[in-house]
Amino acid sequence: MVVILMVAISAVISERVLDRLSKTQETYLQGLASAYLDGIVASITPSVLREDSWEVFDGIERMKPTADDILPVETVVTGKSGLVLASSNPVARETLRPLDADFAGKFDGTGVTIDPETRSGYVRRDIAYQNQLIGAVYAVFDVSSLLRERWQILVTLLTTNALFTALLGFVGFVTVSRMIRPMQVLETHMIDAAAGSATLIGEREFPAANSEAASVYRAYNALVRSETERQALARQLAEEEKLASLGRLASGMAHEINNPLGGLMNAVDTLRLHGERRNVRESSIELIQRGLYGIREVVEAALATYRPERLNRPLAEQDFADLKLLVRPELRRRKQRLDCSIDGTLEGERNWPAGPIRQAVLNLLLNAAAVTAEGGRVGMQIAVTAHGLDIAISDQGVGMPEPAKSILTDRKIREVPRDGSGLGLWIVRKIADDLGATISVSSETASNTIVRLSIPRRISEISNAA
């Protein structure tokens, strides 16, 4: 910007200087020519009246200056009829011949006309006697010195302006570089923060003489500390939510295992007392077998959900059967019922990971059970289509609050709720983002909310399905 501004200023100044110089030179040349022509006219007027060519020529030669830088290179005198009476260059302008039109056309009025191509100045003066026009004097001056002076001044201006422009441009560059250096440091740290590795600006990077930049640095460091604390809090809340969910599931599983254990203990006591009876023995063994089968189902469902090496295996229909077992204790405690339906088949589907989907659906089921009144119904409908997997979880609550709905549907919300409420829904939103899925919340009635998780197929999957 400094360079552009200086170039513009230099162009304007140079134009004004050269224009002023040109006018000054023309005024000087006009004065010199007027003095010369006045002397010529005064000395040759009688000879022009008599049309005496020799006397006119003699007057021209006698009046020719010899001690000036600007000398007349040619002087022509014409009579009343327009014929040449005398010329300082009789070879080019013959005596008693009409003046050629090209030469006469270079004289414009009584002022001096400068032609840069021929490096000459042209001026004309009429000769009058008793208010009668009796002839004219045409003078051509060598103005090489004037044009040379113009060129020297132009070169001086350009050189001086170029040096000043380069100097001021360098000073401006250095100054601006020093001014924006703190912002460059801040920019580097912000780029690192955007890439996921936010670091504090060290004290040695703080500018000593720029209090405003130091204030910005301190504000940025406070922001980084706040973000670090928020992330730590988010991890802590997520871990606590996970532990709370595991606690609820563990208590439910313990209840599910404890119930058949009571029956198993009774069956063992019965066998000990009445084991010799065939019918008592067979009924007790069947009771023990059913109880062990129930315990095995609950344990297998827990292993399938929380065994790390099985979290990324392909989703199967058995995963939804396991989810039914996992939420059954919570539903039984609240005297609720789960309505489940699967439309389509998951056989051969290899690109939907079981672990994240099970975790998201389990959170939605537990949330639906929590908002549904005692004795109500919770729904889980799964549909496998050509475009993807649709999972709809419905409840019979009083409707989902707007903050909770925003956590599920608003992609701009990326922060964990600071009060810990809605953390399970935030986890569902994060899993959906990782899977490229969409979440929608709708209500068929005032007491029926449906959360729909739509997981798309990949392009290759759509091609194979077609």
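Predicted model: local features only at pLDDT ≥ 70, side-chain atom pairs only at ≥ 80, totals over all residues.
A nonpolar core is a set of buried Ala, Val, Leu, Ile, Met, Phe, Trp, Tyr and Cys residues joined through side-chain atoms within 4.5 Å.

**View 1. The largest nonpolar core has 42 residues.** L365, L389 and I391 have the most contacts inside this core. Helices and strands both contribute: α7 (317-333), α8 (354-371), α9 (402-409) and α10 (423-435) each supply at least two residues, and so do β7 (377-384), β8 (388-395), β9 (438-445) and β10 (448-456). Helix α8 gives the most, with 10 residues. In soluble globular proteins, nonpolar side chains tend to be buried together.

**View 2. L365 and its contacts beyond the local sequence.** Neighbours within four places in sequence are left aside here.

**View 3. A second core is separate and has 25 residues.** Among its members are V41, I114, I134 and F141.

**View 4. R93 is a buried arginine in a loop.** The loop runs between β2 (84-87) and α3 (101-105). R93 has a relative accessible area of 16%. Buried means under 20%, so R93 counts as buried.

**View 5. The R93 side chain makes polar contacts with E74 and D100.** The contact with the side chain of E74 is 2.7 Å. The one with the side chain of D100 is 3.1 Å. Not counting residues up to four places away in sequence, R93 touches E74, V76, V84, S87, L99, D100 and F103.

Note on methods
Residues numbered from 1 in each chain as written. Heavy atoms only, no water. Buried < 20%, exposed > 50% of the residue type's maximum accessible area, 1.4 Å probe, protein only. Helix = DSSP H or I, 4+ residues; strand = E, 2+ residues; numbered from the N terminus. Contact = heavy atoms within 4.5 Å. Polar contact = N/O pair within 3.5 Å; in protein donor to acceptor, adjacent residues only side chain to side chain.
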